[in-house]
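Here are my notes on this one, as numbered points. Have the coordinates open while you read.

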Amino acid sequence: MADDTIFGKILSGVIPCDEVYSDERCLAFRDVAPQAPVHVLVIPRKPIESLRSASEQDEALLGHLLLVAAQVAKQEGLEDWRTVINSGAGAGQTVFHLHVHVIGGRPLAWPPG
Ligand code: AMP
């Protein structure tokens, strides 16, 4: 399946990124418009559009993304952080390639906007 999203282009090397972690299943890089001192995106190499379109086949991959998110947060020196997955435009998703936001480095209010 063609992935012509910005993240698909980052994965194929067409668009550069500020990489912080990479393995055979995922890539993590700094958000271009950070909402906190640390704002990293963890994305699967597999082109899953959104969490709502993930399937049971993706169970291990989804777990891996969360473990990598925690690893990256610790690597960035965070003790507390927030992981966010926006699913659908109404929830704030703007790039339709699944991604986990890792946000931290400042106090984070709840509920989010
Ligand atoms: P979402 O709104 O949950 O879909 O998140 C998409 C995120 O991707 C936003 O926080 C954007 O700032 C970020 N973003 C968009 N383009 C790039 C890019 N080229 N490199 C890094 N982050 C990006």
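1. Charges to begin with: Lys and Arg count as positive and Asp and Glu as negative, with His and the chain ends not counted. Each charge is placed at NZ of Lys, CZ of Arg, CG of Asp or CD of Glu. On that basis the protein has 9 positive and 14 negative charges, and their mean positions lie 3 Å apart.

2. Some housekeeping. This is a predicted model, where local features need pLDDT of at least 70 and side-chain atom pairs count only at pLDDT 80 or more, while totals for chains, interfaces and linings use all residues. Residues are numbered from 1 along each chain as its sequence is written, and side-chain values use heavy atoms, leaving out hydrogens and water.

3. The protein has two helices and five strands, in the order α-β-β-β-α-β-β from the N terminus. These are DSSP runs numbered from the N terminus (helices: H or I, at least four residues; strands: E, at least two). The radius of gyration is 13 Å and the globule rule also gives 13 Å for 113 residues, so the protein is as compact as a globular protein of that length. The radius is taken over C-alpha atoms, and the rule is 2.2 Å times the number of residues to the power 0.38. Along the principal axes, the C-alpha atoms fill a box of roughly 40 × 30 × 25 Å.

4. Of the 113 residues, 40% are buried; that means under 20% relative accessible area, with exposed over 50% and partly exposed in between (1.4 Å probe, protein chains only). Among contacts (heavy atoms within 4.5 Å) with a separation of 6 or more, 53% are between residues 24 or more positions apart.

5. Helix 2 deserves a look. Its 17 residues (59-75) span 24 Å from first C-alpha to last, close to the expected 24 Å, which is 1.5 Å times one less than the number of residues. Which of its residues are buried? They are L61, H64, L65, V68, A69, A70, V72 and A73. Their cover includes strand 1 (19-22), strand 2 (26-30), strand 3 (38-44), strand 4 (82-84) and strand 5 (100-104). After the helix comes G77, with a positive phi near 85 degrees.

6. S55 sits in the loop between strand 3 and helix 2 and counts as partly exposed, at 34% relative accessibility. Its C-alpha is 14 Å from that of P44, eleven residues away along the chain.

7. Finally, check the peptide bond between W110 and P111: it is cis, with omega about 0 degrees. P111 belongs to the segment after strand 5.
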